[in-house]
Amino acid sequence: MELFIDYINRSFVFFIGLGASAMMFFIITLLSLVMKVNLSKSLEGGLRMAIALTGMGAIISLLTSQFGPALNLFVERTGSSLVINDLGWAVLALITWSSVYTLLFVFVCLIVNLVMILLKKTNTLNVDLFNIWHLSILGLIIDFYSGYIFISILFVAFIYVLMLKNADVMKPRLNSVLNYDSKNITTTAHPAFLFNPIVLIFNKIIDRLLPSIDKLDFNADTLNQKIGFWGSKFAIGTYLGIFVGLLSNSSLQEMLALSFIGGVCIELFGIVGSWFGPAIEPLSQGVTRTMTQKFGGRKLYIGIDWAIVGTRAEIWATANILAPFLIVIALFLRGNQTLPLGGIIMTCLVPSLLLITQGKIIRMTLIGIISIPLYLWAATEIAEFTTQTSLSLGTYPSGLPDNSLFTSIEAIPIEKLIALWIGRTAAQPTYLSLIMIAGALILYSFLFLWYFKAMEKETSEEKKAVN
């Protein structure tokens with residue numbers, strides 16, 4: 001028996017030692033085959049995932065190797081507290097998809113989705129399996145601080161329930177914002193929309209205090225046409241490189257090099273990031289086919305990525321407006337140690353702003369500026385976890401100096417802060433801390449209950465207005 005256990009342990013160590021890309025190649029391929037996807041498509045999905053992970057790691061290393069020294073000079077010269085590099089969403093996706101726990105959380109979420117559909121507690125079948133990495137971060141944070149994986153599973157399942165309910169509640173608003181007809185079955189359960197309750201609170205405050213503000217609104221298509229090239233991803237990356245060069249007092253030659261590297265990396269983040277969707281698509285199709293066969297006679301919404309709202313010009317207009325505010329707020333916000341780099345285009349926030357305000361850019365901008373500190377604080381707080389976990393998984397960016405902290409300005413900031421609190425409390429529990437955690441979770445749950453009712457009320461009023 002001991003020999004058998006030793007063999008299993010050595011095999012597992014060997015498997016992990018293959019590296020994240022190779023490991024995920026085998027896992028995605030085998031899971032797809034289990035879901036009755038044909039061999040060719042299964043291999044294609046596994047290979048795409050391996051290439052996407054490898055490509056993302058290479059871009060992150062390029063960004064950090066070039067920007068790292070300049071940022072360190074800035075910190076040393078000025079004594080700035082912005083000592084944590086934001087490497088964007090890619091670094092978190094790389095960490096999570098390099099961990100076998102992510103597959104565990106995917107399995108848990110699939111079970112939760114199936115049970116909720118069976119019990120008729122949701123009409124959404126979420127096939128956006130790739131973006132479960134957002135929830136995996138929450139589970140990994142709790143496990144990192146406490147070592148209790150079952151607490152991670154419970155919290156991930158709890159948040160996933162809210163995501164599915166939110167997808168149902170958002171569906172009428174999505175139809176309105178995207179001009180879908182009543183027969184359309186597309187929705188999204190993307191975690192970025194978990195910020196909706198906070199946006200709704202601010203939106204209602206604006207209704208009370210600034211009821212005439214919408215008269216000042218403007219056309220996003222016109223703004224984007226005027227901005228043109230100057231608001232493109234590689235242009236924003238170029239500005240970022242110049243900004244970092246100015247901070248570090250670099251020479252003109254160094255500043256130009258940084259600006260070109262910034263443009264390349266920000267553009268490539270979007271290109272290589274688009275490879276992850278097709279990588280997980282064969283597995284998603286297998287899951288969809290299996291679930292549809294079980295519920296063939298029932299109408300289900302299909303939950304996909306937030307990008308379905310990316311067709312609205314207000315998304316990109318607001319993202320461009322918020323970018324300079326993000327940098328300025330980061331420089332002066334107390335408690336923040338994160339310097340925005342990879343996450344400067346805040347696609348983690350603007351989809352929620354669009355949906356709740358229904359594309360009113362002035363409201364989107366105001367609420368976005370007010371919300372930015374939450375994202376910066378969350379990014380700062382998870383930096384220790386992000387760095388240490390990356391080191392343990394062998395995904396630490398090669399261009400970063402030793403002992404440098406890095407993070408990501410990404411979605412679900414409130415949930416990340418709660419996960420941190422749960423993990424630290426579980427590691428060293430006291431009666432007071434347990435009571436406070438319970439109170440926070442109850443308050444968080446009531447926030448969503450209020451939001452669900454408020455959205456249903458708004459939807460009902462909109463229908464009456466149309467009729």
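**Group meeting: a sheet and a surface patch**

Let me start with confidence. In this chain it is lowest in helix 1, residues 2-17, where the mean is 47, and highest in helix 17, residues 413-427, at 95. The model is a predicted one, and averaged over the chain the pLDDT is 80. Of the residues, 79% score at least 70.

Three strands make it up, it is open, and the order across it is 5-1-6. The pairing is parallel. Strand 5, residues 338-339, and strand 6, residues 405-407, are at the edges. Each of these two has a single partner strand, so one side of each has no neighbour in the sheet. Strand 1 covers residues 84-86, and two bridges join it to strand 5 in the parallel sense. For a place to look on screen, find Asn85: opposite it, in strand 5, is Leu339.

Helix 8, residues 196-209, gives the most to the patch, namely three residues.

One member I will take separately is Leu210. Leu210 sits in a loop, the one between helix 8 and helix 9, and helix 9 is residues 220-227. The relative accessible area of Leu210 is 41%, so Leu210 counts as partly exposed. The cut-offs behind that word are under 20% for buried and over 50% for exposed.

That covers the confidence, the sheet and the patch.

Note on methods. Residues are numbered from 1 along each chain as its sequence is written. This is a predicted model: local features need pLDDT of at least 70, side-chain atom pairs count only at pLDDT 80 or more; totals for chains, interfaces and linings use all residues. Side-chain values use heavy atoms; hydrogens and water are left out. Two strands pair if DSSP finds at least two bridges between them. Helices (H or I, at least four residues) and strands (E, at least two) are DSSP runs, numbered from the N terminus. pLDDT is the predictor's confidence in each residue, from 0 to 100. Buried means under 20% relative accessible area, exposed over 50%, partly exposed in between (1.4 Å probe, protein chains only).
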